[in-house]
Amino acid sequence: MTTESFRSRGSGFLWFLFLVVLLMCVGAPLYAVYRHYSDRADKVQMTAAATAYLDALRDGRYDTAYAWVCGSERKKYSLDRWRPRHDHPAVTGYRITGTRIEDISDGPILYYVDTEIRYADGRTAPKALYLSDERAGWRVCYTD
């Protein structure tokens with residue numbers, strides 16, 4: 001092998017090393033900044049969807065609340081099957097206490113709006129609303 005072939009392989013490795021270092025030093029912080037602003041926008045939209053859902057439940061407009069339910073839940077439960085699970089005891093008020101985005105390394109990103117819900121029977125209970133970003137916007141998918 002000639003000296004020139006060693007140089008060309010060595011310079012290729014140096015370029016590769018330079019790109020890796022560049023991605024680590026610039027790419028990672030840029031991704032963190034992107035996620036920060038992206039997550040903030042998502043949280044605003046998630047809160048708006050949860051508010052619309054809970055307002056409809058509080059006002060007894062179950063068909064409107066059902067429209068804010070995600071597609072997978074709507075496939076499992078028709079409005080007639082969904083309503084009895086959500087109208088008793090009736091929701092009389094709520095307070096949104098926070099939003100969470102959980103980015104698990106080996107799983108999907110999970111989106112939650114944490115609430116305290118007041119019921120007609122007088123009790124108040126914390127409830128986390130799981131949300132899903134669908135084509136039509138954010139939808140409430142599951143409540144724990």
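Modeller: Two strands are said to pair if DSSP finds at least two bridges between them. In this predicted model, strand 1 (91-103) and strand 2 (109-119) pair in the antiparallel sense over 11 bridges. The two are joined by a hairpin through five residues. Within this pairing, Val91 of strand 1 stands opposite Tyr119 in strand 2.

The largest pocket has a volume of about 190 Å³. It is lined by 14 residues, and those closest to its centre are Arg85, His86, Val91, Tyr119 and Lys127. By class, the lining comprises eight nonpolar, three polar and three charged residues. Helix 1 (3-58), helix 4 (79-86), strand 2 and strand 3 (124-134) each supply at least two lining residues. Helix 1 gives the largest share, three residues.

The largest nonpolar core draws on several of these elements. The core has 25 residues, and those with the most contacts inside it include Met46, Tyr53, Trp82 and Leu129. Helix 1, helix 2 (62-67), strand 1, strand 2, strand 3 and strand 4 (137-143) each give two or more residues to this core. Here, too, helix 1 provides the largest share, with seven residues.

Leaving aside neighbours within four places in sequence, Tyr53 is in contact with Ala65, Trp68, Val69, Trp82, His86, Leu129 and Val140. Of these partners, His86 is among the residues closest to the pocket centre, while Trp82 and Leu129 are among the core residues with the most contacts.

Definitions and conventions:
Residues are numbered from 1 along each chain as its sequence is written. This is a predicted model: local features need pLDDT of at least 70, side-chain atom pairs count only at pLDDT 80 or more; totals for chains, interfaces and linings use all residues. Side-chain values use heavy atoms; hydrogens and water are left out. On a 1 Å grid over the protein atoms alone, a cavity is a set of points where a 1.4 Å probe fits but cannot get out, and a pocket is an open set with protein on both sides within 12 Å along at least five of seven lines; lining residues have an atom within 4 Å of a point. Grid points are joined across faces, edges and corners, and a volume is the space filled by probe spheres set on the points. Helices (H or I, at least four residues) and strands (E, at least two) are DSSP runs, numbered from the N terminus. Ala, Val, Leu, Ile, Met, Phe, Trp, Tyr, Cys and Pro count as nonpolar, Asp, Glu, Lys and Arg as charged, and the others, Gly among them, as polar. A nonpolar core is a set of buried Ala, Val, Leu, Ile, Met, Phe, Trp, Tyr and Cys residues joined through side-chain atoms within 4.5 Å. Buried means under 20% relative accessible area, exposed over 50%, partly exposed in between (1.4 Å probe, protein chains only). Contact means heavy atoms within 4.5 Å.
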